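Here is a friendly look at two residues and their surroundings. Have the structure open beside you as you read.

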Amino acid sequence: MGIKVCDQTLRTFLDARDLAYLEEAAAGAHKLLVGKNGAGSDFLGWLSYPETYDRAEYARVQEAARRIRETSDVLIVIGIGGSYLGALSAIELLRGRFHNLKADGLQVFFAGNNLSASYLNELLALCEGREVSVNVISKSGTTTEPAIAFRIFKQYLEQRYGRAEAAQRIYVTTDREKGTLKALADAEGYETFVVPDDIGGRYSVLTSVGMLPIAAAGCDTGAILSGAGDAMRELAAPGLANPAYHYAALRNALYRKGKTTEILVGYEPDLVSFQEWWKQLFGESEGKDGKGIFPASVCFSTDLHSMGQYIQQGLRNLFETVLFFRQPKQEYIIPCDDANADGLSFLDRMPVSRVNHRAFEAALLAHTDGGVPNIVLEAERIDAYTYGYLVYFFEKACAASGYMLGVNPFNQPGVEDYKVNMFALLGKPGYAENRTQLESRLWR
């Protein structure tokens with residue numbers, strides 16, 4: 001039930017030399033990953049995680065999720081980047097984008113991923129009259145956006161419930177031994193879960209970072225791990241027969257042809273947050289040393305009526321990767337209309353998923369004819385097992401692709417640059433010496 005890589009439409013874009021490159025690139029990436037001697041090899045814990053994960057911690061995650069569901073109407077998940085995108089992607093893909101409007105489960109909201117006062121005020125207003133718990137996720141506890149949000153929600157819980165009960169409603173996912181957040185959790189008696197030292201944030205969704213909010217939302221975390229475990233075993237082989245390496249090599253071959261922007265295409269609105277997770281995974285892993293494929297995403301057929309024009313006839317530096325599911329989560333049959341006022345009688349009694357599939361095929365042919373290469377990744381259905389499989393597939397493909405590109409796919413040195421400027425402009429101790437020079441460059 002894995003992932004099928006369909007590259008038939010690429011035959012007009014790649015030649016024999018490109019195909020030879022694909023074999024060599026896949027072999028080299030496999031050697032670095034298996035030998036654990038490539039750049040960033042200290043962060044390869046995700047490679048075996050579906051098999052080696054801490055069973056005792058996983059059991060504590062399930063118990064904490066059960067308590068959250070029993071005692072709370074709302075869970076606020078505080079984190080940024082990999083500390084929230086994975087959980088958000090799973091919950092929306094498996095529970096649906098309208099999950100918080102359903103009456104059959106815990107509402108899960110996310111904070112600490114922006115610096116908007118309006119967002120925080122509206123989120124606090126949603127908590128009024130409801131029982132609330134918080135899961136704060138941060139390796140250090142000092143990242144600005146989640147640290148501010150946690151300060152606000154910690155105060156909110158303590159004022160509402162008192163310090164002792166608030167401590168029972170705060171769950172901390174952080175470093176095993178050190179850091180500001182770990183020290184605070186130990187002092188206040190918060191239950192803690194571990195961000196593994198050998199797994200970076202954007203590769204961490206299968207750890208407690210993602211699994212606690214995913215489990216609290218009512219998703220089947222056992223099936224997610226099962227899917228990831230099968231992917232780990234099925235994607236272990238070298239060569240282009242391995243779909244993860246095949247996809248990684250194809251995208252690098254297209255990059256060498258000047259296709260510098262990859263658009264991940266989905267045909268399900270529930271997939272949008274998963275695409276955001278994918279964008280961080282590939283963007284943060286590959287965008288460095290003046291290199292990298294720019295990751296973008298669209299939701300079709302919606303964006304065929306906005307971005308479709310550019311994709312069809314704009315700058316030819318694009319390629320698309322289409323993630324398509326053979327079976328829909330749900331089905332609806334188009335009703336008959338005897339008056340045929342809309343002229344769509346030829347669609348009477350047709351499943352909506354059939355129309356969606358034809359839209360996929362139509363766009364694939366049109367965009368290919370317009371000079372946009374298309375890679376198609378086919379999966380059977382949207383469920384927890386497939387989610388876990390997809391996560392591992394993309395993580396391994398991303399690591400391999402980074403090595404093919406010649407970069408360290410596990411660091412993010414450029415992320416700190418804006419933080420240094422922000423701290424200086426805000427007057428943080430130790431950063432103020434550059435403040436005057438920075439402010440002189442701003443418009444006022």
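## A word on polar contacts

A polar contact here is a pair of N or O atoms within 3.5 Å; within protein, one of the two must be able to donate a hydrogen and the other to accept it. Please keep in mind that this is a predicted model.

## Threonine 174

Let's begin with a polar pair: a polar atom in the side chain of threonine 174 lies 3.1 Å from the backbone oxygen of lysine 139. The threonine 174 side chain also reaches the backbone oxygen of serine 138, at 2.7 Å.

Threonine 174 belongs to strand S5, which covers residues 170-174. Is threonine 174 buried or exposed? Its relative accessibility is 0%, and because buried means under 20%, threonine 174 counts as buried. Leaving out residues up to four places away in sequence, threonine 174 touches Ser138, Lys139, Ser140, Leu181, Lys182, Phe193, Val194 and Val195.

## Arginine 160

Now over to helix H6, residues 144-161, where arginine 160 lies. With a relative accessible area of 30%, arginine 160 is partly exposed, because that class falls between the 20% and 50% limits.

Which backbone oxygen does the side chain of arginine 160 reach? That of cysteine 127, at 3.1 Å. Cysteine 127 is also among the contacts of arginine 160 once neighbours within four places in sequence are set aside, together with Gly129, Arg130, Glu131 and Val132.

## Across the sequence

Key:
Residues are numbered from 1 along each chain as its sequence is written. This is a predicted model: local features need pLDDT of at least 70, side-chain atom pairs count only at pLDDT 80 or more; totals for chains, interfaces and linings use all residues. Side-chain values use heavy atoms; hydrogens and water are left out. Helices (H or I, at least four residues) and strands (E, at least two) are DSSP runs, numbered from the N terminus. Buried means under 20% relative accessible area, exposed over 50%, partly exposed in between (1.4 Å probe, protein chains only). Contact means heavy atoms within 4.5 Å.
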